[in-house]
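Me: I have a structure open and I am new to it. Can you walk me through it?

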Amino acid sequence: MTRSAFAALFMAAATPLLAQTPVDPKVAALRDAALDDDTAWDIVEGLTTEVGPRLAGTAAEARARDWSVRKLTALGFANVRVDTFPMPVWSRDIDSESAAVVAPFPQPLAVTALGNSAATPLGGIQGEVVGFDTIDDLIAAPDASVRGKIVFVSHAMPRTQDGSSYGAFGRPRREGPSVASRKGALAIVIRSIGTDYHRNPHTGVQTWADGATPIPAAALSLPDAEQLQRILKRGQPVTLRLNLQNRMTQGQSGNVIADVPGRDPNAPPVLVACHLDSWDLGTGAVDDGAGCAIVAAAAKRIMNAGRPLRPIRIVWFGAEEVGLFGGLDYRAKYGKQLHYALAESDFGAGRIYRVNSNLGPARKAEAQALQRALAPLGIVPGELDSAGGSDIGPMLADGLPGVELQQDGTHYFDLHHTQDDTLDKIDKKDLQQNVAAWTTMLAVLSGGIGPEPKRRSRR
Ligand code: ZN
Ligand code: ZN
């Protein structure tokens, strides 16, 4: 045995099992070819250019569904269809939104309403500001200290790779308006749930708790929130004027669904998802045009390679941003059916760095095969008993199996729900790495790609 051969043997013995078992060469070839994918860029470029913002339940979201049906049909998917559902629709007059410190240091502040905010009377409201550093400080405050005033809640959301700070630091947005309303506040403004220092306020949904009367609820950009904090620290009474014009109507949203047929028509599908709706401030490139582009591009690459054993179902959910309406509608209609796995791309366009899955103990070898196949893309193995996703979250909680391809969200909350969520923020190479990861996942989970079934000749 040569020295180098001995060294290789020694290395192999020292390498964890994960790296030794070979990856199916067909899977590896599909993965590597997807790094040159153009389809995802074509989809997100087209959607953000030809439709633009697509707020849930509005005519813009309906145009997005029409666009999506045309696009998915043109890409060659089967059974392209729309499942519609009714929903309450909140919409705003973007040009009418404004805030200003009236006293002691008069100046404008950058503001935008949170979803489901009440409107102010035309021309706005004016009130004294009472500030809190955290949502818990607001919760602990006596009602009398808040009644009739404009509540301001700050916080200190840090940047995190996995986005975990959004859960904890999103509370001022999710809970703050209802807490303020119940205490009799005139209105509430929060520091945006974001990590950038641009004068871009971040919108996002909040839902009124039972017994909470809707009041005007808005977010200040980070620079403006800190400006207001400094003004409050001067110790004089601070008066704010707030003008927010918006309305509630009834409307319709829908899920756009398309299939890649499987060789076994009775096999449960692998469902890959995103959400088609976006907030109205940007063009929804990162949240979540990119996700729709990634999952459809990956499914198309599998479809082009032949016929997978199991069907692949693409779902571009409607009305995610305003309360998971699309995910809940799908769950009500199909959640009891078998699904081989669910996965959703809804965390921007950053590179995927970790894979989590929850396929159950009986499918551990499959989950590990997926980990091995993804490793060359710089993706590390994560949990084997957890998976996440927005619209698919309730179905995962019901116990359906899932895969989570975790994207690097270090910079996601710089753009999230702002007017800066536009196409130019997407890095094409990062998008291609996402497509490669999703293609790999589908290649592993769809049970192997075979030839097209032979058609009987009709003579
Ligand atoms: Zn999203
Ligand atoms: Zn969002």
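Reply: A term to begin with: contact means heavy atoms within 4.5 Å. Among contacts in the protein chain between residues at least 6 apart in sequence, 84% join residues at least 24 apart. Keep in mind that this is a predicted model.

Me: OK. How many helices and strands does the protein chain have?
Reply: The secondary structure comes to 16 helices and 18 strands.

Me: And what box do the C-alpha atoms fill?
Reply: Along the principal axes, the box is roughly 80 × 65 × 35 Å.

Me: What would the radius of gyration be for a compact globule with 459 residues, and what does the protein chain have?
Reply: A compact globule with 459 residues would be near 23 Å, and the protein chain has 24 Å, so the two agree.

Me: What share of the residues counts as buried?
Reply: Of the 459 residues, 56% count as buried. As for the surface, the protein chain exposes about 19300 Å², and carbon and sulfur atoms supply 54% of that area.

Me: Charges next. How many positive and negative side chains are there?
Reply: There are 47 positive and 50 negative side chains. The centres of the two sets lie 5 Å apart.

Me: Switching topic. How many disulfides does a search of the whole structure find?
Reply: The search finds one. This disulfide joins Cys274 to Cys292, with an S to S distance of 2.1 Å.

Me: Which parts does the pair tie together?
Reply: Cys274 lies in strand S11 (residues 270-275) and Cys292 in helix H11 (residues 285-305), so the pair ties together parts that are 18 residues apart in sequence.

Me: Are those two cysteines buried or exposed?
Reply: Cys274 is buried, and Cys292 is buried too.

Me: Why is the disulfide right-handed?
Reply: Because the torsion about the S-S bond of Cys274 and Cys292 is about 90°.

Me: You mentioned helix H11. What else is there?
Reply: Asp288 is found in helix H11. The peptide bond that joins Asp287 and Asp288 is cis, with omega at about 5°.

Me: Where is Pro104, then?
Reply: Pro104 sits in the loop between strand S2 (98-103) and strand S3 (107-109). The peptide bond from Ala103 to Pro104 is cis, and its omega is near 5°.

Me: And phi? What is the value for Asn79?
Reply: Phi of Asn79 is near 50°, which is positive, and the residue is not a glycine. Asn79 is placed in strand S1. Asn116 also has a positive phi, about 70°, without being a glycine.

Me: Where does Asn116 lie?
Reply: In the loop between strand S4 (111-113) and strand S5 (125-132). Buried means under 20% relative accessible area, and Asn116 has 16%, so Asn116 is buried.

Me: Which residues does Leu75 touch?
Reply: Not counting residues up to four places away in sequence, Leu75 touches Thr39, Ile43, Lys300 and Met303. Thr39 is 36 residues from Leu75 along the chain, and their C-alpha atoms are separated by 9.1 Å.

Key. Residues numbered from 1 in each chain as written. Chains lettered and ligands numbered in written order. Heavy atoms only, no water. Helix = DSSP H or I, 4+ residues; strand = E, 2+ residues; numbered from the N terminus. Rg over C-alpha atoms; globule rule 2.2 N^0.38 Å. Buried < 20%, exposed > 50% of the residue type's maximum accessible area, 1.4 Å probe, protein only. Areas by Shrake-Rupley, 256 points an atom, 1.4 Å probe, with all protein chains shown as cover. Lys, Arg positive; Asp, Glu negative; His and termini not counted. Charge placed at Lys NZ, Arg CZ, Asp CG, Glu CD. Disulfide = S-S within 2.5 Å.
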